[in-house]
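Colleague: I should like to learn how to read the features of a structural model in an orderly way. May we go through one together?

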Amino acid sequence: MDGLLNLWQATGLANLTFPALSMIAVGCGLLYLAIAKGFEPLLLVPIGFGAILTNIPVAALAEPGGLLYYVYYIGIDSGVFPLLIFMGVGALTDFSALIANPRMLLLGAAAQFGIFATLFGAILLNFIPGFEFTLQDASAIAIIGGADGPTAIFLASKLSPELLGAIAVAAYSYMALVPIIQPPIMRLLTSEEERSIAMPQLRPVSKKEKVLFPLMVLGLTLLFLPAASPLVGMFCLGNLMRESGVVDRLSNTAQNELINITTIFLGLAVGSKLAADQFLTVETLGILLLGALAFSIGTASGVYMAKVMNRVSSNPINPLVGAAGVSAVPMAARVVNKVGLESNPHNFLLMHAMGPNVAGVLGSAVAAGILLALVG
Amino acid sequence: MEISDLLLQAANLMLTGMVGVFIFLSILIFAVKGLSKLSTSEQSPEQPRVKSKSQRQDTSGVPAQHVAAISAAIAQFRQNN
């Protein structure tokens, strides 16, 4: 009889608590969004499954000694996984649209206002009882507005590890929602006339410029913002491997196998942070709210900056491309292209939007570096 | 810490952060412009050379008339045999 009782004590049924069950439901929800709705499936499948594994009673996969604990400890606590992914993103990024029209960097900079405004907003939430965000927490939450998963995870792991699960889930969910969040803001802030502005064709960019570009960005980071060098450095390494053309094997590995392997473990490790006691809090609701705010403000400030540049510049600039400044490559650029085509069916803005789009990646890495330097 | 103190710090961070991002990326704009000037000034003397190379390739290749004559001859040869 004792044996049977012990066996019963070892079952999930005997140990399942309501919070754990709700987190398993959250994991299933993420899996549903990924599989049925196609929301960022590459990340939400491992994150959702990781969330389920973490909340299995008795097994304690996310406690010291469990698999997910070590995956988190090795990959995210150390900051290694997001940086490896950033190298892959660098190897996937083509900077020619930006090199051909470097002024687009201003749009990438303007869209980072979403980050810093949200930082202010997160502290404002402290007026509501139940919220106690420190400046570190607020910075980690605000980086969701950078619309860059690896950057958000990197910064959160350094500044506010206990909020990492909610921040990563919010960042990736909103990145998947870019086609829904951005267009209404873009339409609201621009006139039909502005949306149909055609932009002059971009000049071809020489290989030499493309090879020197990552080295130059690295040089500037070294001189002005060493705190951003883990992110920017790995990004530039990936990009140099791509553009130099002499290490195609390495570049292909960074773009495919390495980024895929890392994505599996990154997702699982993020999932391990979706434990009930950390996720089922009022702060998670605040983070989800602030994330949406960050995206919207980033989009709006990018569009406004593009409007100003269009007035000042001799070359016409379609204000829509400013919305692509919030990185989320290449989704945001595709959204710009789509909204542009609605107003002028012959106006393909995709290449023009890729400039601010990759500028946004650099911009959010720089913003992360600044936050690390000032708050970390 | 008082919330108002935190707010002040956040506002300060917002200002310095935005200024920092703009300064960094503006420097990058000038650097990229310098880079493209450098590469175009180096490329411009090269361009005619590239052109002449391609022209030479055209002349050194077999002229279209010859190609036509040879292929006609081959076709005739195949028909006859």
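This is a predicted model: local features need pLDDT of at least 70, side-chain atom pairs count only at pLDDT 80 or more; totals for chains, interfaces and linings use all residues.

Colleague: Is Ala60(A) buried, partly exposed or exposed?

Modeller: One counts neighbouring C-beta atoms; 20 or more within 10 Å make a residue buried, and 12 or fewer make it exposed. Ala60(A) is partly exposed, because 13 other C-beta atoms lie within 10 Å. Ala328(A) also has a positive phi, near 50 degrees, and is a residue other than glycine. Ala328(A), however, is buried, since 32 other C-beta atoms lie within 10 Å.

Colleague: Where in chain A does Ala328(A) lie?

Modeller: Ala328(A) belongs to the loop between α20 and α21. Pro330(A) is found in the loop between α20 (282–312) and α21 as well. The peptide bond that leads from Val329(A) to Pro330(A) is cis, with omega near -10 degrees.

Colleague: How does one check the length of helix α21 (residues 331–343) of chain A?

Modeller: One compares an expected span with the distance between the helix ends. At 1.5 Å a residue, the 13 residues of α21 should span 18 Å; the end C-alpha atoms are 19 Å apart, and therefore the two agree.

Colleague: Which residues of α21(A) are buried?

Modeller: An α-helix has 3.6 residues a turn, so residues three or four places apart point the same way. In α21(A), the buried residues include Met331(A), Val335(A), Val336(A) and Val339(A). The buried residues of this helix pack against α12 (164–176), α13 (178–189), α14 (192–195) and α22 of chain A.

Colleague: Which residues have the most contacts inside the largest nonpolar core?

Modeller: They are Ile167(A) and Val336(A), in a core of 146 residues. Helix α22 (residues 350–375) of chain A gives the most to this core, with 14 residues. Beyond its neighbours within four places in sequence, Ile167(A) is in contact with several residues, among them Ala140(A), Ile144(A) and Ile287(A).

Colleague: How many residues of chain B are in contact with chain A?

Modeller: There are 26, and they meet 36 residues of chain A. On the chain B side, 18 are nonpolar, 7 polar and 1 charged. An unreviewed UniProt entry places a "transmembrane region" at residues 6–32 of chain B. That span is 100% helix, and its end C-alpha atoms lie 38 Å apart.

Methods. Residues are numbered from 1 along each chain as its sequence is written. Chains are lettered from A and ligands numbered from 1 in the order in which they are written. A nonpolar core is a set of buried Ala, Val, Leu, Ile, Met, Phe, Trp, Tyr and Cys residues joined through C-beta atoms within 7 Å. Helices (H or I, at least four residues) and strands (E, at least two) are DSSP runs, numbered from the N terminus. Two residues are in contact if their C-beta atoms, placed from the backbone, lie within 7 Å. Ala, Val, Leu, Ile, Met, Phe, Trp, Tyr, Cys and Pro count as nonpolar, Asp, Glu, Lys and Arg as charged, and the others, Gly among them, as polar. UniProt positions are given in the numbering used here, feature names are shortened, and annotations may be inferred rather than shown by experiment. The expected span of a helix is 1.5 Å times one less than its number of residues.
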